[in-house]
Amino acid sequence: HNTLPRPATRRVMCVANQKGGVGKTTTTVNIAVALALHGNRVMVIDLDPQGNASTGLNVDHRAGVPSTYDVLVDGIPLADATVAVEGVPNLYCVPATIDLAGAEIELVSVVARENRLRRAIDAFPADIDYIFIDCPPSLGLLTVNALVAAREVLIPIQCEYYALEGLGQLLRNVELVKAHLNNDVQITTILLTMYDGRTKLADQVAAEVRGHFGETVLEAVIPRSVRVSEAPGFGQSVITYDPGSRGSTSYLQAAREIAERGARGGHQ
Ligand code: ADP
Ligand code: MG
C-alpha cells in the first residue's frame, strides 16, 4: 500500500446526519480503514447505541465491555475503552454498547454534559492522526457531544429523494454548537452515498447537493453496491472484504481526498 499524507495535527471528524440509513456508519468504517491501511493512525468512536460501527470492525460490544457509555457517563479515560481492530494495523475503536441508549437521559443531570466526549478526547495521549465519531440518527446530546468534540463535520448524503430534507435542522444545530459550545466546528466534508448511476434521480440529487454545498462535496461518489452492504456481516470493511470492488475503490478515493484536502477542507 502506498501512503496517504498524515495531517500535521490530529483531525477529529464527526460523521453526522440525523437521518438513519444514509451511510454514516459505512462511511466511518470504510474511510477509517482506508486511512489506516495507508499509513495513518486512526480511531473510530462509536457513539450510536446500536453499535453498528463496532460490529463492522468486529469489535466486541456486548453489555459490560468498556465503551463510550463509560467514557461519557462515568468519565473513564478514553484509553481504557480503546481496543485495537484486528486485521487492520493502526486502527482503534471505542465500542458502543446498548447502555448508551440510556446515556442521552442520564447525561442530562451531569455537569458540562455537552463536553464529556471532548474532555475525554483532549485527555487522550496517544498519537492518533484521525478520530472519526459515528453518530446516532438523532440530534440529541450524543450528537451534540460529537459536535463539541470535533473540528470537522462529515455529512453523508444518500442520493435519494428527500436527501436534503431535514438537513436544515442539522445545519442549524452545527451553527448553534459553533455559536455557543465549539467555535472551531465546521462542515468540511460532504459525501454522496448509495449512488445508483442507472437512475436520473441520483444524478439530480447529486447535482442539487453540489449546487448547494459546492467544494465541500467530495468528488468521489459511493455507488450503491451489494458488496458494501455485505461486508459488515463479515466484520469487515468493503476495502478488506473485496478490495477490487467499486465500493472499495470509491471509499479509497474519498479517503484520499479527505487526506489531501487537509484539516480545513475544500476552499472555504
Ligand atoms: P447509517 O449509519 O447512516 O444509519 P449505514 O451506514 O448503517 O447508515 O447504512 C444503512 C444500510 O445501507 C446498511 O445496511 C448498509 O450496509 C447499507 N449501505 C450503506 N452504504 C451502502 C452502499 N454504498 N451500497 C449498498 N448498501 C449500502
Ligand atoms: Mg449508523
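A residue counts as buried if 20 or more other C-beta atoms lie within 10 Å of its own, as exposed if 12 or fewer do, and as partly exposed in between, with C-beta atoms placed from the backbone. Keep that in mind for strand β2, where both faces are covered: V42, V44 and D46 on one side and M43 and I45 on the other are all buried. Helices (H or I, at least four residues) and strands (E, at least two) are DSSP runs, numbered from the N terminus.

What you're looking at is a predicted model, so local features need pLDDT of at least 70 and side-chain atom pairs count only at pLDDT 80 or more, while totals for chains, interfaces and linings use all residues. Residues are numbered from 1 along each chain as its sequence is written, and chains are lettered from A and ligands numbered from 1 in the order in which they are written.

**Confidence**

- The chain averages a pLDDT of 94 (the predictor's confidence in each residue, from 0 to 100), and 97% of the residues score at least 70.
- For the model scores, ipTM is 0.99 and pTM is 0.96.
- Where pLDDT is low, the predicted coordinates should not be read in detail.

**The sheet**

- Eight strands make an open sheet with mixed pairing, and their order is β3-β4-β2-β5-β1-β6-β7-β8. Two strands pair if DSSP finds at least two bridges between them.
- The edges are β3 (83-84) and β8 (217-223), and each of these pairs on one side only.
- β8 pairs with β7 (residues 186-195) in the parallel sense, over three bridges. In β8, V221 is the bridge partner of L192.
- Helix α8 (residues 200-213) packs on the sheet, where it touches β6 (152-158), β7 and β8. The direction of α8 makes about 175° with that of β7, where axes are lines fitted to C-alpha atoms (for helices, over the stretch in contact) and angles run from 0 to 180 degrees between N-to-C directions.

- β2 runs parallel to β4 (residues 91-94), joined by four bridges, and parallel to β5 (residues 130-134), joined by five bridges.
- V44 has C93 as its bridge partner in β4, and V44 stands opposite F132 in β5.

- The buried ones are L142, T143, V144, N145, A146, L147, V148 and A149.
- L117 sits in helix α5 (residues 116-122), and L117 is buried, with 27 other C-beta atoms within 10 Å.
- Not counting residues up to four places away in sequence, L117 touches L72, N145, A146, V148 and A149. Two residues are in contact if their C-beta atoms, placed from the backbone, lie within 7 Å.
- L117 and I45 are 72 residues apart along the chain, and their C-alpha atoms are separated by 9.8 Å.

**Two positive phi angles**

- Most residues other than glycine have a negative phi.
- N58 has a positive phi, near 60°. N58 lies in the loop between α2 and α3 and is partly exposed, with 16 other C-beta atoms within 10 Å.
- M194 also has a positive phi, near 55°. M194 lies in strand β7 and is buried, with 22 other C-beta atoms within 10 Å.

**An exposed loop residue: A63**

- A63 is found in the loop between α2 (52-56) and α3 (68-74), and A63 is exposed, with 9 other C-beta atoms within 10 Å.
- Leaving aside its neighbours within four places in sequence, A63 contacts T97, I98 and D99.
- From C-alpha to C-alpha, A63 and A149 are 25 Å apart in space, and they are 86 residues apart in sequence.

**Around ligand 1**

- Of the 18 residues around ligand 1, K24, T25, T26, V228 and S229 come nearest. A residue is near a molecule or strand if its C-beta atom, placed from the backbone, lies within 6 Å of it.
- The elements giving two or more residues to this shell are α1 (24-37), β7 and α9 (226-230). The largest share, three residues, comes from α1.
- The shell divides into six nonpolar, ten polar and two charged residues. Ala, Val, Leu, Ile, Met, Phe, Trp, Tyr, Cys and Pro count as nonpolar, Asp, Glu, Lys and Arg as charged, and the others, Gly among them, as polar.
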